Amino acid sequence: MRETTLPKKGRGGKKIKALVLFDVDGTLTQDFYEHRQAFSDAFREVYHVNANVDCINHHGMTDQEIITGVLKKNGVSGEEISAKMSQCMTVMVRSFKKMVDRSRARVLPGVRKLLNKLEQKNVMMGLVTGNLEPIAQGKLRKLRLSEYFKIGGFGSDDASRANLIRIARKRAADLSGYEITNSHIYVVGDTPQDINAAKEANIKALAVATGNYTREELQKFNPDYVFADLVATDKILKVILPTNPGPNKFSP
């Protein structure tokens, strides 16, 4: 993809200053147990397998990777998994939608304040999540976060998290009318997979220890920045919107 400048206009005719792509589970939200149940429902209905996601280390994996990993662990062939993948995802979405209204999931500390500040400062926000798109959108609607995110890359788009970043970036460019340079794009996530995907896509990784990995564990994967959580709004804003960005940051 050819790199040019950032989108010149955002809300109110102001410059869009950066693109920030957020993971969902463990980064923005927590405790959507309905998602886990949706996997089990789909495994049982589509593949006739009684299993749950905890039989593998699924943290940071896309939904398609989780489906494949769990089913292979339970003896299902790769051919059968692939042949029924679309059906499995359809059943997952249907199951999740039936349960989400009664969810007791929550927004993680600092998230709403940070999203509000980024919106005020004309930062474009998107999602890069392994969740299937209808499940991700259902979570955000339930917790009243969906208004902040105009684009994204989702687990229903691709099994590779790095490819989801590329998809989200392309959608951001299509929406804005401008391609966005790597130096202005950040992935915010809570797993080593988020960090590695950002590196593979050649953009900046901002890791947060709000999921299943400690700050020290995340640091071993060499993200560009690590925070304990998203509460330190001002410090995070200084990372995303540095005071002295250097010459020609927004040059045509």
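**View 1. D194 is a buried residue of a predicted model**. The relative accessible area of D194 is 3%, where buried means under 20%, exposed over 50% and partly exposed in between (1.4 Å probe, protein chains only). D194 lies in helix α7 (residues 192-200); helices (H or I, at least four residues) are DSSP runs numbered from the N terminus. In this predicted model, local features need pLDDT of at least 70 and side-chain atom pairs pLDDT 80 or more, while totals for chains, interfaces and linings use all residues. Residues are numbered from 1 along each chain as its sequence is written, and side-chain values use heavy atoms, without hydrogens and water.

**View 2. Surroundings of D194**. The side chains of D194 and R161 are joined by a polar contact of 3.0 Å (a pair of N or O atoms within 3.5 Å; within protein, one must be able to donate a hydrogen and the other to accept it, and residues adjacent in sequence count only if both atoms are side-chain atoms). A polar atom of the D194 side chain lies 3.1 Å from the backbone nitrogen of D190. Not counting residues up to four places away in sequence, D194 touches D23, R161, V187 and G189, with contact meaning heavy atoms within 4.5 Å.

**View 3. Helices α3 and α5 cross**. The axes of α3 (residues 78-99) and α5 (residues 133-142) come within 9 Å and cross at roughly 15°. The two helices are therefore roughly parallel to each other, a label for angles under 35 degrees. On the α3 side, M92, V93, F96 and K97 make the contact; on the α5 side, P134, I135, G138 and K139 do.

Key. Axes are lines fitted to C-alpha atoms, for helices over the stretch in contact, and angles run from 0 to 180 degrees between N-to-C directions. Angles under 35 degrees count as roughly parallel, over 145 as roughly antiparallel, 65 to 115 as roughly perpendicular and the rest as oblique.
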